[in-house]
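User: Hello! Could you walk me through this structure in a few questions and answers?

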Amino acid sequence: MDKSLKEIMRTKWMYLNCEELKYYSLGIFIECICLSVVIAILLKLLFKSDFMLSMAGFTIVSVMFTILIYKRDFFDEKFQLFSSDLMQGTNQGIILFLFVSSFLVSWAYFCAALKYGLYNAIAFSLAVCFPGVFMLLRINSYSNENNNSVHDDNMGFNPIFHWVMGITVASGPLGISLTSFLKNIFVKGSFFNMDLILVMLALLLECFVLSTDVANKILPFELKGIEGIRKFILISFLFMGILLVFNIVI
């Protein structure tokens, strides 16, 4: 190995050879574990969650991140992680990392919500995991080919923004309605109820927020522009508020 570990970790992983990538992957794993310890401690302090339970899930996610880095060439061939023209990562690569990150967020929600009951923990962990899975299934809609050159007010379809929006919706209407739905199934033995309708409506809003190409065709403004993004946020939060009111009233 010609480079030191410090030099390897400072080099963009797209420029590392296979031998250097092994050490880079190990460095990423160590960093992920250190971050996991910090998150697990915060969850224990804030929500009195079990430290070992938190670390068990975070360790699995750390391994997932490490595999993603170590198998760079495989994932690059399958998902096109890098753009040779732009000499940087692609939206597809970002979505792949967001997919893995969703499991980290999901497990954090599970450990935090477990304090309020098993149904809450399961519902919210499933809800916040949904955006990453859905975006991976529709990864082509975010591809660089479907985004015009980013300049002036044209932001393109930013996967990080829509993922955060998806997590926000999942943390509100979807998580709450799914909790009530699960309780109705396993406690009351009732499947067809109003909570099922609220879950479907929350999923519909979630899919709308995450389906950038579809939303861009439906809405009367350009979703790739800054002004369009502001209007999109306003509309999304308006529907979120309506669904939250329905969850409270019904």
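Analyst: Happy to. Helices (H or I, at least four residues) and strands (E, at least two) are DSSP runs, numbered from the N terminus. This is a predicted model, where local features need pLDDT of at least 70, side-chain atom pairs count only at pLDDT 80 or more, and totals for chains, interfaces and linings use all residues. Residues are numbered from 1 along each chain as its sequence is written, and side-chain values use heavy atoms, with hydrogens and water left out.

User: Thanks! How many helices and strands does the protein chain have?

Analyst: Reading from the N terminus, the order is α-α-α-α-β-β-α-α-α-α-α-α. The secondary structure of the protein chain therefore comes to ten helices and two strands.

User: How are α5 and α6 oriented to each other, roughly parallel or roughly antiparallel?

Analyst: Axes are lines fitted to C-alpha atoms, for helices over the stretch in contact, and angles run from 0 to 180 degrees between N-to-C directions. The axes of α5 and α6 (residues 118-137) come within 8 Å and cross at roughly 175°. Angles under 35 degrees count as roughly parallel, over 145 as roughly antiparallel, 65 to 115 as roughly perpendicular and the rest as oblique. That is why α5 and α6 are roughly antiparallel.

User: And what is the angle between α5 and α7?

Analyst: Helix α5 covers residues 91-113 and helix α7 covers residues 159-186, with axes that come within 10 Å. The two helices are roughly parallel, because their axes cross at roughly 25°.

User: Which residues of α7 make the contact with α5?

Analyst: Contact means heavy atoms within 4.5 Å. On the α5 side are N91, I94, I95, L98, S101, S102, V105 and Y109. The partners from α7 are P159, I160, W163, I167 and S171.

User: Which residues line the second largest pocket?

Analyst: On a 1 Å grid over the protein atoms alone, a pocket is an open set of points where a 1.4 Å probe fits, with protein on both sides within 12 Å along at least five of seven lines; lining residues have an atom within 4 Å of a point. The second largest pocket is lined by L201, L204, L205, F208, I235, F239, I242 and L243.

User: Which elements give two or more residues to that lining?

Analyst: For the second largest pocket, these elements are α8 (194-210) and α10 (226-249).
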